[in-house]
Amino acid sequence: MTTAAPTPYRVTPARVLRSEWHKLWTLRTTWITLLAASALVLAVGITMGSTYDGDDSDIDTIVFTLFGTQLSQICLAVLGILITAGEYSTGMIRASLTAVPRRLPVLWSKAAVFTVVAFTLSFVTNVVTFLTAQIWLADTDKELALTDSGVLGALAGNATGITLMSLIALGLGALLRSVPGGIGAFVGSVLVLPEIITTLPFDGVDDVVRCFPAQAASSLGSVTRVENTIAPGPALFALALWALAVLTTASLLLKRRDV
């Protein structure tokens, strides 16, 4: 009687993370999307700084400088959807789930890798854009230093909001298993639906909408309190709950559905 030699390869969390890290960076789409996201923020920040004439003095300096993050948010959301739904369109998901039969480590490793990449890129881009825009904003009412109270927190808060919003998109991609469907669901439910709900003639609607993802994220990236938003602490909590809810739902369905 012969016994099979034990295999030297085991599925471990570290190996699944490394696999997802390599998969992310071997796609041209990743490089193109990340470069576009960063370039848009920097280009808009330079434009806002170089053309400032004092007309927007009531706008928070960080919000004014990082106005381009509204565009980069779309880029990173699309990347998040491609990371999950893209594997279904190419059929790569079969190989991924065959290698990791428990399935859930694949999704959560994708989310972890994407979180690190999205936050790091967003934060570094925010700092560079802020410092570059201050070249033109020096000696104006929007002059700020990186060491001023609340500045680094606002830059990091903006990056955190973008990252959590993009994680929601990643979860939607895993839920719908379709790139066009994920993009449509993100734009429709996260960006458009809250604006429609605010038109309803019911008391308390505005208070509820302030806890929706896009509205909560808008309160995280400013030195001063943005009008009609909740406080940064509750906003971060609400946004994190939205991301967790979408990813948890995607995890449950990943375990139950066929590939």
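1. A term to begin with: a residue is buried under 20% relative accessible area, exposed over 50% and partly exposed in between, using a 1.4 Å probe and protein chains only. Thr65, at 1% relative accessibility, therefore counts as buried.

2. Please keep the ground rules in mind: this is a predicted model, where local features need pLDDT of at least 70, side-chain atom pairs count only at pLDDT 80 or more, and totals for chains, interfaces and linings use all residues. Residues are numbered from 1 along each chain as its sequence is written, and side-chain values use heavy atoms, with hydrogens and water left out.

3. The protein chain has 11 helices and zero strands. Both are DSSP runs numbered from the N terminus: H or I of at least four residues for helices, E of at least two for strands. Thr65 sits in helix α3, which spans residues 61–65.

4. What does Thr65 touch? Leaving aside residues up to four places away in sequence, its partners are Gly45, Thr129, Phe130, Ala133 and Leu137. A contact here means heavy atoms within 4.5 Å.

5. For the chain as a whole, 76% of the contacts with a separation of 6 or more are between residues 24 or more positions apart. Of its 259 residues, 42% count as buried.

6. On overall dimensions, the C-alpha atoms fill a box of roughly 85 × 45 × 30 Å along the principal axes. The protein chain exposes about 13500 Å², with 66% of it supplied by carbon and sulfur atoms; these areas come from the Shrake-Rupley method with a 1.4 Å probe, and for residues only the protein chains shown count as cover.
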